[in-house]
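Here are some friendly notes to read alongside the structure. Take them one at a time, and keep the chains in view as you go.

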Amino acid sequence: MEADVMFQLKNIQKFFPIRTGLFSRVTAHVRAVDKVSLTIRRGETMGLVGESGCGKSTLGRTMLHLLSPTSGESLYKNRDVFSLSTQELRKLRRELQFIFQDPYSSLNPRLNVSEIVGEALSVHGLAHGRERDERVKEILSVCGLAPQHAKRYPHEFSGGQRQRIGIARTLVLNPEFVVADEPIASLDVSIQAQIVNLMEEHKDQFGLTYLFISHDLSMVKYISDHVAVMYLGKIAELSSTAALYKDPQHPYTIALMSAIPSIDVDAQKKRIVLQGDVPSPSHPPSGCYFHPRCPYTMERCRIEEPKLRDIGGGHLAACHLVQQGGGRL
Amino acid sequence: MGVNELLQVTNLSSSFQTEDGLVRAVRDVSFHISHGESLGIVGESGCGKSVTCLSVMRLMEQNGRIEADSMRFEGRDLLSLRERQMQKIRGNEMAMIFQEPMTSFNPVFTIGFQLQEAIRLHQGLNKKAARNASIDMLKQVGIPRPEKINDEYPHALSGGMRQRAMIAMAISCRPKLIFADEPTTALDVTIQAQILELMQKLQQEIHTAVVFISHDLGVIAEMSERVMVMYAGRIVEIAGRRNLFKDPKHPYTIGLIRSKPDMEIESPVLTPIPGTVPNPLHTPPGCPYHPRCEHVMDICRSTLPELISHEQMHQVRCWLYDQQGAVHGS
Amino acid sequence: MKFIKAADAGAPKTEEILSPRTIIWRRFRRNKIAMISLYVITVLILLAVFAPMIAPYERDDINLQYREQPPSAEYLFGTDRNGRDLFTRNLHGGRISLSVGIVASSIQMVIGVVLGSLAGYFGKWVDAVIMRITDMVLSFPFLALAITGAAILGPSIYNTMIIIGLLSWTETCRLVRGQFLSIKQMEYIEATRSLGFNEIRTIWRHMLPNAMAPILISATLIMANAVLIEAALSYLGLGVQPPIPSWGNILEPARSMDVLMRMWWLWLPPGLLIFISVLSINLIGDGLRDALDPRLKN
């Protein structure tokens, strides 16, 4: 494996059982993540986009073993996170961090900021007592909070400030890799950019690698080096950000991009409005999962599932039409 | 202000009492909307955009208090109407679409039952005719298999379908004015695109005026001919869509536009607005935006600027501009 | 870094640090009825604690010359059939009745919280087993079992505490389980996992404190109930045994119609004391519920 690879995901599957009936028998599975493979390099930001229920958050949680996987491997620096013992995993948690979506439910309301941020330092035996307080204050100021905020409780802060506290809680451990699960989705527009810029600064300052999960394609474009687009538990397209936004290949990516409203009142945008809803992940369609909504469906799409293949220059797409050679849309 | 005015609101203020004190959610808001026009209200949480609409419909919570110099809907003074008369206007001539349709439908009745109830109440049709009308409405909002969906309960529908049904409910009585309060915020972008397209189509077909509320500038840019920007309960800028997005005047509007990347416009850096949205209990003195404003001057800290006409149909509340529209300061 | 400094503009305005506990206590203080109840129960507890110092006579002193005396300057609450001073005995009775209430509700709380949190946190078969046990205990006829228990184990103050404790934890258990199920969904619990904390820390430091509010409210109700059950059992002669007085067994002579009609001082004071203490505890519970109401959070 190359030295600069931080995470390598191989065929990760995560199914949730659906139990019904008197004896809670498992009658079906929600295929939340279905054979996803992905490589994340040191120092980059991988954007993971898709609509609700596409499995992006589940993938982020599963790869860190916050959810137990159904199958697959998650190699972090060549060690499979899934096969570690509970003790080893707990130790490794210091390096692998998670930023949560909801700044209101992600902070324990009964603890003050100093306890929230500093607790992990004690647990991992990194700092105690006065040294711990110093580290907490230092990290708070890095996250744009004042040292005197340390003794206050979460309810006194606004959503954006709470998200800063959440970020401070992860950064204080000096992690290597951070999964950010929709970190700005529940913030006001004027605050979103503050948090994104903060994350960008930390990336350089602390040498972080991010997996940035979002439904907001415009934010992902701004922050990511590579982007993976997910649909119904699978990766539909994966490419460098520049190539993906300049020349999207998968019909789903194209539709998704065209659906975002723009403030450019002069742009003569041709919008592709996809028909119908996203199918249920417990009963996915045959062949290509996207075929019932795709404007270019062919016979083959109904039967055969397209593989995620390189269509040139490290740009991967899972679409028969695109792969049929030069058939760029 | 022509004769074509559908709704004319002058100096509306709304407040409500909470445990921690009086929240003045809307302050001196004046606006008008003509027949068939679309007006967008944009702003962040707590800016008073929803309360403005609830006040016009007189749907404020019981501890709420509405004051206005006048609030005229087709010449009728909404403030002096009795609750019974107001009920007739609501649903019949004015309707509302909410963010989360799950909570606006009663979960124990079918979609059809609730639609038919509204239709029969306001149009006086018999049962059979109402059922047909309800199925027609569902068809009109693009719901597949309307006969079947008519007999479904709300939980059986997806978010997008429920929002379509909600729209069917709102337009069932051909209202003259629809308030759409963040109708697509809970939906995915591809579903949002469907709903926005539907609303544009319907607005043309039935020639309804729409007040579209959103925090998303892009959605507002697509849905509204005129846009009103609110901050801390006040209007800070009103302009036609083109003027507002191409030539925004108020530092807050400019800040909002700069803080969000756009798919069509290349922007190498994001410039956030510093600080936080003010707590409605402690609105800053003077111009409420002054603690976050990059052009802040002494006068901004003490005195609230008036909403002045900068150009025709372009009003702004900011000390950077005087009555003649010349620019002060830097 | 320009915007970071400016972000401080939205810092909390008040100088004073408002912990959740301070806020709850402030809300509680605003509730006059609950505060009066708190004072009343505090006075009753203090009287019980210092009973030996306050009481004018020895608890079990018998003075056969002065039997069944109505209240007088010498015997404030009169005397009973054996000529014991009732004021003294009511003071001492409070000691017993209130400590039965406190100990019994502590026993049930420990059992209920431990089992409820295990069931709620671990779920699956742990939950199934604990919930079935709860169902079983719930379907015991309480009074019949308490009476049988007292008859088998022999009536005593300790047995009374244990019996009440062992039979009343089910409500707390279900409550804690429900709280844990909903708190488990909160992202701050997921965060404890992602930060590498172990289960004990998660349960003890992150879940329990957040589940405390309803547990406290129900603890007050159960304590009031325990005082009542002790009174009932002792009144029936199955609880605390004379000569040790409790409010319940002081009431016992009122089983006779004669006493009920002619000698009100034998039963009215203990009855009123039971009534006042139970009412105050319940009103404190009400006040707590209002103060802890999450809808009022800012």
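1. Start where chain B meets chain A. In this predicted model, 18 residue pairs are in polar contact between chain B and chain A, both residues of a pair having pLDDT 80 or more. On the side of chain B that touches chain A, the elements giving two or more residues are α8 (189-206), α9 (217-223), α10 (241-246) and α11 (251-258) of chain B. The largest share, eight residues, belongs to α8(B). Sorted by class, this side of chain B has 21 nonpolar, eleven polar and twelve charged residues.

2. How many salt bridges are there between chain B and chain A? The count is two. You can look for the one in which the side chains of A:D216 and B:K260 meet, at 2.4 Å from N to O.

3. Now for the extent of this interface. The size of an interface is often given as the accessible area lost when the parts come together. For chain B and chain A, about 3700 Å² is buried between them, with 58% of it on carbon and sulfur atoms. The contact involves 44 residues of chain B and 38 residues of chain A.

4. Chain A also meets chain C. Here 35 residues come from chain C and 44 residues from chain A. Together the two chains bury about 3500 Å², and carbon and sulfur atoms account for 53% of that.

5. Which residue of chain A forms a salt bridge with C:E199? The partner is A:R90, and the closest N and O atoms are 3.3 Å apart. In total, four salt bridges are found across the interface of chain C and chain A. Polar contacts there link 15 residue pairs, both residues at pLDDT 80 or more. On the side of chain C that touches chain A, the elements with two or more residues are α1 (2-6), α2 (20-30), α10 (187-194) and α11 (199-235) of chain C. This side of chain C divides into 17 nonpolar, nine polar and nine charged residues.

6. Finally, have a look inside chain A. Strands β1 (residues 5-20) and β4 (residues 71-76) of chain A are antiparallel and joined by five bridges; A:L9 stands opposite A:S74 in β4(A).

Definitions and conventions:
Residues numbered from 1 in each chain as written. Chains lettered and ligands numbered in written order. Predicted model: local features only at pLDDT ≥ 70, side-chain atom pairs only at ≥ 80, totals over all residues. Heavy atoms only, no water. Contact = heavy atoms within 4.5 Å. Buried area = accessible area lost by both parts, 1.4 Å probe. Polar contact = N/O pair within 3.5 Å; in protein donor to acceptor, adjacent residues only side chain to side chain. Helix = DSSP H or I, 4+ residues; strand = E, 2+ residues; numbered from the N terminus. Nonpolar A, V, L, I, M, F, W, Y, C, P; charged D, E, K, R; others polar. Pairing = 2+ DSSP bridges.
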